[in-house]
Amino acid sequence: MTAATAQAQAAPQRVAGSANVCSDAAIPADWVITSSYRGSGCATGVWYTIADTSGFNSASVCSQSPIPTGWVITSSYSTSNCTGVGYYIGNTAGQNSAVVCSQSPIPAGWVITGAYSTSTCTGTGVAYNIGNTAGQSYATVCSYSPVPTGWVVSGSFRSTSCVGTTLGYTIRKA
């Protein structure tokens, strides 16, 4: 056996697809919870069905699911498949803008450019317009927007596009 063959055999293989796990199990990176149900066999009495998001651009998940890095919550809904509510999530890779629910994580390098009331975001009732700052030197954002690393606030203004505070910022690369 050559050294290269031994390394290939020793490399861990990524599991793909879906699986059922107890609710206290660690959820692998880039996997999401697609349903939850009561059942025996787990100390917690709750089982999760989990799925790998590799190769997908969108998914339907339970609210207790981890949201993969770079993914956002695009809407929420009532469901009997999950404890709590369900979320539709989308991958922001290759996108410049997106509409997300206010409870969504905001990806690194993205900013909140506007906010409005909506019925598609169960619970909060607020959606954000977000934009990717890659390739940009300045942006106008809502005051509650994350400011990307290496950027500074250079001014403020009143904005009816920012539900809640009505305060916006101009930000620029430092």
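Reader: Which cysteine does Cys-142 pair with in a disulfide?
Author: In this predicted model, Cys-142 is joined to Cys-162 by a disulfide, S to S 2.1 Å.

Reader: What hand does the link of Cys-142 and Cys-162 have?
Author: The link is left-handed, with -90° about the S-S bond of Cys-142 and Cys-162.

Reader: And where do Cys-142 and Cys-162 lie?
Author: Cys-142 is in strand 10 (residues 138-142). Cys-162 is in the loop between strand 11 (151-158) and strand 12 (167-173). The pair therefore ties together parts that are 20 residues apart in sequence.

Reader: Is Cys-142 buried or exposed?
Author: Buried. Cys-142 has 0% relative accessibility, and the cut-off for buried is under 20%.

Reader: What about Cys-162, buried or exposed?
Author: Cys-162 counts as buried too, at 2% relative accessibility.

Reader: New topic. How many disulfides turn up in the whole structure?
Author: Four, from a search of the whole structure.

Reader: What is a disulfide, anyway?
Author: A covalent bond between the sulfur atoms of two cysteines.

Reader: What is the pairing, with the bonded cysteines numbered in sequence order?
Author: For the protein chain, the pairing runs 1-2, 3-4, 5-6, 7-8.

Reader: OK, on to Cys-22. Which partner does Cys-22 have?
Author: Cys-22 forms a disulfide with Cys-42. Their sulfur atoms are 2.0 Å apart.

Reader: Why is the disulfide of Cys-22 and Cys-42 called left-handed?
Author: Because the torsion about the S-S bond of Cys-22 and Cys-42 is about -85°.

Reader: Which parts does the pair tie together?
Author: Cys-22 sits in strand 1 (residues 18-22). Cys-42 sits in the loop between strand 2 (31-38) and strand 3 (46-52). So the pair links parts that are 20 residues apart in sequence.

Reader: Cys-22: buried or exposed?
Author: Buried. Cys-22 has 19% relative accessibility, and buried means under 20%.

Reader: And Cys-42, buried or exposed?
Author: Cys-42 is buried, with a relative accessible area of 9%.

Reader: Next one. What joins Cys-62 to Cys-82?
Author: A disulfide, S to S 2.0 Å. About the S-S bond, the link of Cys-62 and Cys-82 has -75° and is left-handed.

Reader: Where do Cys-62 and Cys-82 lie?
Author: Strand 4 (residues 58-62) holds Cys-62. Cys-82 is in the loop between strand 5 (71-78) and strand 6 (85-91). So this pair ties together parts that are 20 residues apart in sequence.

Reader: Are Cys-62 and Cys-82 buried or exposed?
Author: Both Cys-62 and Cys-82 are buried.

Technical notes
Residues are numbered from 1 along each chain as its sequence is written. This is a predicted model: local features need pLDDT of at least 70, side-chain atom pairs count only at pLDDT 80 or more; totals for chains, interfaces and linings use all residues. Side-chain values use heavy atoms; hydrogens and water are left out. A disulfide is a pair of cysteine sulfur atoms within 2.5 Å. Helices (H or I, at least four residues) and strands (E, at least two) are DSSP runs, numbered from the N terminus. Buried means under 20% relative accessible area, exposed over 50%, partly exposed in between (1.4 Å probe, protein chains only).
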